[in-house]
Amino acid sequence: MPVILEKKYENDISLAVWQVTESHDELQAMLPSEILTDAELAAIRHLQKQTEFFCSRLVIKYLANSLGIKYLGIKKDEFGKPYLVGSNWQMSITHTSNYVAAVMHPNEALGMDMEKPSEKLKRIEHKFLSDLERIEAEGDIEKLCIYWSAKEALYKLYGKRKVIFNENLFVFPFEKGQNKISGRLKINEIDEKYNIYVEHIDGYILVVCGSVPQV
Ligand SMILES: CC(C)(COP(=O)(O)OP(=O)(O)OC[C@H]1O[C@@H](n2cnc3c(N)ncnc32)[C@H](O)[C@@H]1OP(=O)(O)O)[C@@H](O)C(=O)NCCC(=O)NCCS
């Protein structure tokens, strides 16, 4: 699992991106048995899902080690949002067919996503963009991918269901090539602005979403 990108953003957000080069069995063998229980594994039927499950744990274990945090496993809350066992550190994970990436923060919620720009986004843009965002996106698939990934990242940061992408999640106007943009989560009593960091990796767009640092 070569690490192809590891960096720290402002406000103590740590990122690691791994290229997945190992088979299902090789990945499984890399996880200690006290972290990967038979019961957990038996609950996942699909081999591909098992592979993703191993990758999530391995990349978070790697990041935790490099941050000096003891890794005791990952669990999910009632909405499917992952959390680190026995720690206040917050995390988010994303998978593609050949990469897995994770971010961690000492105490603030995070979100991330990694996607390839695709024509499909043009067909569904009305579902996830507000009218103003559609005008700004100009039907450009790279911009649409940034909007989509940023909203998936905001969704993961929030972590709960019943989010309407074109009513509760917003991305402020940006130019292609900008590596820091911003977004807003407006739902129920929450109305919060977030920083969104954008990376381009091997034809993918990776976005990380976290709190705006206090000055
Ligand atoms: C859950 C969801 C965000 C996952 O995104 P994805 O692009 O399919 O997959 P990714 O690989 O990027 O992310 C998967 C990771 O998301 C995380 N995740 C799942 N549910 C989550 C939640 N409620 N909150 C935070 N993170 C979550 C998990 O860590 C998972 O990885 P793991 O199972 O290995 O731990 C996505 O399937 C989803 O439900 N999106 C919202 C759907 C929606 O309302 N769309 C409407 C648009 S118009």
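Biologist: Which helices and strands each supply at least two residues of the lining of the largest pocket?

Modeller: In this predicted model, both helices and strands contribute to the lining of the largest pocket. Those giving at least two residues each are strand S3 (74-76), strand S5 (90-95), helix H3 (47-66) and helix H6 (141-158).

Biologist: What is the volume of the largest pocket, and which residues are the closest to its centre?

Modeller: The volume is about 540 Å³. The lining has 23 residues, divided into 9 nonpolar, 6 polar and 8 charged. The closest to the centre are Lys 76, Gly 80, Pro 82, Ile 93 and Lys 156.

Biologist: Which residues come nearest to the ligand?

Modeller: There are 18 residues around the ligand. Of these, the nearest are Ser 56, Lys 76, Thr 94, His 95 and Lys 156.

Biologist: How much of the accessible area of the ligand does the protein cover?

Modeller: Oxygen atoms of the ligand are placed 2.4 Å from a side-chain N or O atom of Ser 56 and 3.0 Å from a side-chain N or O atom of Asp 113. A nitrogen atom of the ligand is 3.3 Å from a polar backbone atom of Gly 159. Of the 930 Å² of accessible area that the ligand has on its own, the protein covers 70%.

Technical notes. Residues are numbered from 1 along each chain as its sequence is written. This is a predicted model: local features need pLDDT of at least 70, side-chain atom pairs count only at pLDDT 80 or more; totals for chains, interfaces and linings use all residues. Side-chain values use heavy atoms; hydrogens and water are left out. On a 1 Å grid over the protein atoms alone, a cavity is a set of points where a 1.4 Å probe fits but cannot get out, and a pocket is an open set with protein on both sides within 12 Å along at least five of seven lines; lining residues have an atom within 4 Å of a point. Grid points are joined across faces, edges and corners, and a volume is the space filled by probe spheres set on the points. Helices (H or I, at least four residues) and strands (E, at least two) are DSSP runs, numbered from the N terminus. Ala, Val, Leu, Ile, Met, Phe, Trp, Tyr, Cys and Pro count as nonpolar, Asp, Glu, Lys and Arg as charged, and the others, Gly among them, as polar. A residue is near a molecule or strand if one of its heavy atoms lies within 4 Å of it. A polar contact is a pair of N or O atoms within 3.5 Å; within protein, one must be able to donate a hydrogen and the other to accept it, and residues adjacent in sequence count only if both atoms are side-chain atoms. Accessible areas come from the Shrake-Rupley method with a 1.4 Å probe; for residues, only the protein chains shown count as cover.
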